[in-house]
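Subject: Structure handover

Hello,

Here is the structure I said I would pass on. My notes on what turned up in it follow below.

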Amino acid sequence: MVLFVVVSVFYMVTLVGNTTIILLFHLDPHLRTPMYFFLTNLSILDLCFTTSSIPQMLVNLWGPDKTISYLGCAVQLYIFLGLAAAECVLLLVMAFDRYVAVYQPLHYAAIMHPQLCHKLAFLVWASGIFGTLVQSPTTMKLPFCHHHQLDGFVCEVPALIRLACGDTHINELQISVIGAVFLMGPILLILISYGHIAKAVLAIQSREGRSKAFRTCSSHLAIFFLYYCSATAVYIQPRSHFSQERGKFLTLFYTVVTPTLNPLIYTLRNKDMKEALQKLFGRDRTSSVE
């Protein structure tokens, strides 16, 4: 019951926080920039990502029945894995956006034009579909043992592989390849981009300019470490050394905690977001007085 209350609170904060970011992007013209366009996509992803798993998780935490149907598990796996893969690619795209903003500030508007932003957003969602269509069907075709229990909060690949009775070497190889493409690859590229950003920031002469550049990138870096560290710990390490309990709670972390922290990090540390919130609430107070 304690876990039910904690997850419920985090889920409500996730819904309110990410919905607020989406509304602010559409209501405030000053936020119609590539950075906030991708942030809005992140909020949409987080809303869908948490809703694909947390309601079923809350049902199982609340009542005596701790089961999920085969069809329900399959649907959850397809959606959950696809959105997780899409978020990996989106964080890479956001790192590229920050790289251009800091390293090529004079050409930023010309490079990050709306057409490119929409193409990158399409790439993000298409990558998620590709990732789940590669991994999910072979996982759900495994011979599952009736006497085994799915010991986890979510129907995800590592937990389902442990549930199988037959040979899982192909599935383990597949998850390693998918992990390399959607986790290790983006991590390497993001670190390279931030290496170049660090050089550009250190080359800025004014202290105010360095501080502004640091604020621009620190929020994304915080989200990058929160999401990738927990997801990598679950999906990259070999199955033979996979700690079941640790993996289960790491999954709970990047499923429940990280989507809650994303909007908080961006709204509390971002000047434009705070000003947009003040305008929105000020407008509401003015309307109520009138």
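Leu71, Val75, Tyr78, Ile79, Ile129 and Leu133 make a nonpolar surface patch of about 560 Å². A patch here takes residues with over 30% relative accessible area and no salt bridge, joining nonpolar side chains (Val, Leu, Ile, Met, Phe, Trp, Tyr) within 5 Å and like charges within 9 Å. Accessible areas come from the Shrake-Rupley method with a 1.4 Å probe, and for residues only the protein chains shown count as cover.

Before the rest, a word on the source: this is a predicted model, in which local features need pLDDT of at least 70 and side-chain atom pairs count only at pLDDT 80 or more, while totals for chains, interfaces and linings use all residues. Residues are numbered from 1 along each chain as its sequence is written, and side-chain values use heavy atoms, with hydrogens and water left out.

Helix H4 (70-103) and helix H6 (114-140) each supply at least two residues of the nonpolar patch, and H4 gives the most, with 4 residues. Helices are DSSP runs (H or I, at least four residues), as strands are (E, at least two), numbered from the N terminus. Tyrosine 78 is found in H4 and is partly exposed, with a relative accessible area of 30%. The classes are buried (under 20% relative accessible area), exposed (over 50%) and partly exposed in between, with a 1.4 Å probe and protein chains only.

On the cysteines: a search of the whole structure finds 1 disulfide, the term being used for a pair of cysteine sulfur atoms within 2.5 Å. The disulfide is formed by cysteine 73 and cysteine 155, with their sulfur atoms 2.1 Å apart. It is left-handed, because the torsion about the S-S bond of cysteine 73 and cysteine 155 is about -120 degrees. The pair links distant parts of the chain, 82 residues apart: cysteine 73 is in H4, and cysteine 155 is in the loop between H6 and helix H7 (157-163). Cysteine 73 counts as buried at 6% relative accessibility, and cysteine 155 counts as buried at 2%. Cysteine 229 is in no disulfide; the nearest cysteine sulfur is that of cysteine 88, 12 Å away. Cysteine 229 is partly exposed, with a relative accessible area of 49%.

H6 has 27 residues and reaches 39 Å from its first C-alpha to its last, close to the 39 Å expected at 1.5 Å a residue. The expected span is 1.5 Å times one less than the number of residues in the helix. H6 has a kink of about 25 degrees at leucine 133, shortly before proline 137; the bend at a residue is the angle between axes fitted to the seven residues ending there and the seven starting there. Among the buried residues of H6 are Cys117, Gly128, Gly131 and Ser136.

Helix H2 (residues 34-51) is largely enclosed by the rest of the structure, because 15 of its 18 residues are buried.

The whole structure holds 1 salt bridge by the search, that is, a side-chain nitrogen of Lys or Arg within 4 Å of a carboxyl oxygen of Asp or Glu. Aspartate 97 forms the salt bridge with arginine 98, the closest N and O atoms being 2.6 Å apart. Aspartate 97 counts as buried at 2% relative accessibility, and arginine 98 counts as buried at 6%.

Regards
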